[in-house]
Amino acid sequence: MAFGPDNYKVFIPFEVFFLLVFSIRFIIMKSRFTTFTFWSIGFIFLSFCSVFYALDRSLAMAQSISVVQVMLFANLTIPYMLESKRNYLFFLKGIVLEACFIIIHLCFVTLFQGFLTERFGETIGINPNVVGYSLTISGLIALFLF
């Protein structure tokens with residue numbers, strides 16, 4: 001794990017705070033449901049239906065909860081991004097900033113040999129695929145922005 005065994009003590013309060021702030025914003029701004037919202041509801045329903053025929057039901061349930069988290073994040077941030085171009089660009093710059101933090105963290109924690117002999121992410125305890133995905137997406141966004 002990247003942040004130690006107690007990472008849930010750090011991330012759960014931030015998730016709850018995010019959900020509260022953006023849910024209140026969603027209600028106050030009288031945001032409307034989009035086609036993506038209905039698609040998300042259907043996808044969540046299918047995700048939970050897979051629990052019934054999965055070989056490992058606990059794993060399927062854990063993955064379904066992850067799907068709910070991603071869909072909640074997406075559905076609460078889309079109205080914010082669509083509100084103005086400034087909000088949209090702010091969100092994109094945040095993704096690029098996240099990649100910068102990952103690179104800085106990698107540089108401080110990983111020895112030079114680690115850059116040549118190990119996959120990025122393993123040295124800091126993050127799934128290397130997640131690191132690669134984050135850096136790729138933020139690189140594409142940086143090309144778009146700059």
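In this predicted model, Ile-28 is found in helix α1, which covers residues 7–28. Its relative accessible area is 61%, and because exposed means over 50%, Ile-28 counts as exposed. Ile-28 also belongs to a nonpolar patch on the surface, which it forms with Ile-12, Val-16, Leu-20, Ile-24 and Met-29, and these residues together have about 560 Å² of accessible area.

Helix α1 also takes part in a link to another part of the chain. The side chains of Glu-83 and Arg-25 meet in a salt bridge, with 2.4 Å from N to O. This pair links distant parts of the chain, since Glu-83 lies in helix α3 and Arg-25 in helix α1, 58 residues apart. The count of salt bridges in the model comes to 1.

The next topic is how helices pack against one another. Two packed helices are described by the angle between their axes and by the distance between the axes. The axes of helix α2 (residues 35–53) and helix α3 (residues 57–83) come within 8 Å and cross at roughly 175°. Angles over 145 degrees count as roughly antiparallel, so α2 is roughly antiparallel to α3. On the α2 side, the residues making this contact include Phe-36, Trp-39, Phe-43, Ser-47, Phe-48, Ser-50 and Val-51, and on the α3 side they include Arg-57, Met-61, Ser-64, Val-68 and Ile-78.

Helix α3 also meets helix α4 (residues 85–109), and here the axes come within 5 Å and cross at roughly 130°. This angle makes α3 oblique to α4. The contact is made by Phe-73, Thr-77, Tyr-80, Met-81 and Glu-83 of α3, together with Asn-87, Tyr-88, Phe-90 and Phe-91 of α4.

Which residues does Ser-64 contact, leaving aside its neighbours within four places in sequence? Ser-64, which lies in helix α3, is in contact with Ser-47, Phe-48, Ser-50 and Val-51. With a relative accessible area of 1%, Ser-64 is buried.

Another buried residue is found in a loop. Gly-121 lies between α5 (112–117) and α6 (128–145), and its relative accessible area is 0%. Not counting residues up to four places away in sequence, Gly-121 touches Leu-106, Ile-126, Pro-128 and Val-131. The C-alpha atoms of Gly-121 and His-105 are separated by 9.9 Å, although these residues are 16 residues apart along the chain.

The table collects the accessibility of the residues discussed.

| Residue | Relative accessible area | Class |
|---|---|---|
| Ile-28 | 61% | exposed |
| Ser-64 | 1% | buried |
| Gly-121 | 0% | buried |

Finally, the protein can be considered as a whole. It has 6 helices and 0 strands, and from the N terminus on its elements run α-α-α-α-α-α. Buried residues make up 26% of its 146 residues. The accessible surface of the protein comes to about 10,900 Å², and 74% of this belongs to carbon and sulfur atoms. Among the contacts with a separation of 6 or more, residues 24 or more positions apart account for 58%.

Notes: Residues are numbered from 1 along each chain as its sequence is written. This is a predicted model: local features need pLDDT of at least 70, side-chain atom pairs count only at pLDDT 80 or more; totals for chains, interfaces and linings use all residues. Side-chain values use heavy atoms; hydrogens and water are left out. Patches are made of residues with over 30% relative accessible area and no salt bridge: like charges are joined within 9 Å, nonpolar side chains (Val, Leu, Ile, Met, Phe, Trp, Tyr) within 5 Å. Accessible areas come from the Shrake-Rupley method with a 1.4 Å probe; for residues, only the protein chains shown count as cover. A salt bridge is a side-chain nitrogen of Lys or Arg within 4 Å of a carboxyl oxygen of Asp or Glu. Helices (H or I, at least four residues) and strands (E, at least two) are DSSP runs, numbered from the N terminus. Buried means under 20% relative accessible area, exposed over 50%, partly exposed in between (1.4 Å probe, protein chains only). Axes are lines fitted to C-alpha atoms, for helices over the stretch in contact, and angles run from 0 to 180 degrees between N-to-C directions. Angles under 35 degrees count as roughly parallel, over 145 as roughly antiparallel, 65 to 115 as roughly perpendicular and the rest as oblique. Contact means heavy atoms within 4.5 Å.
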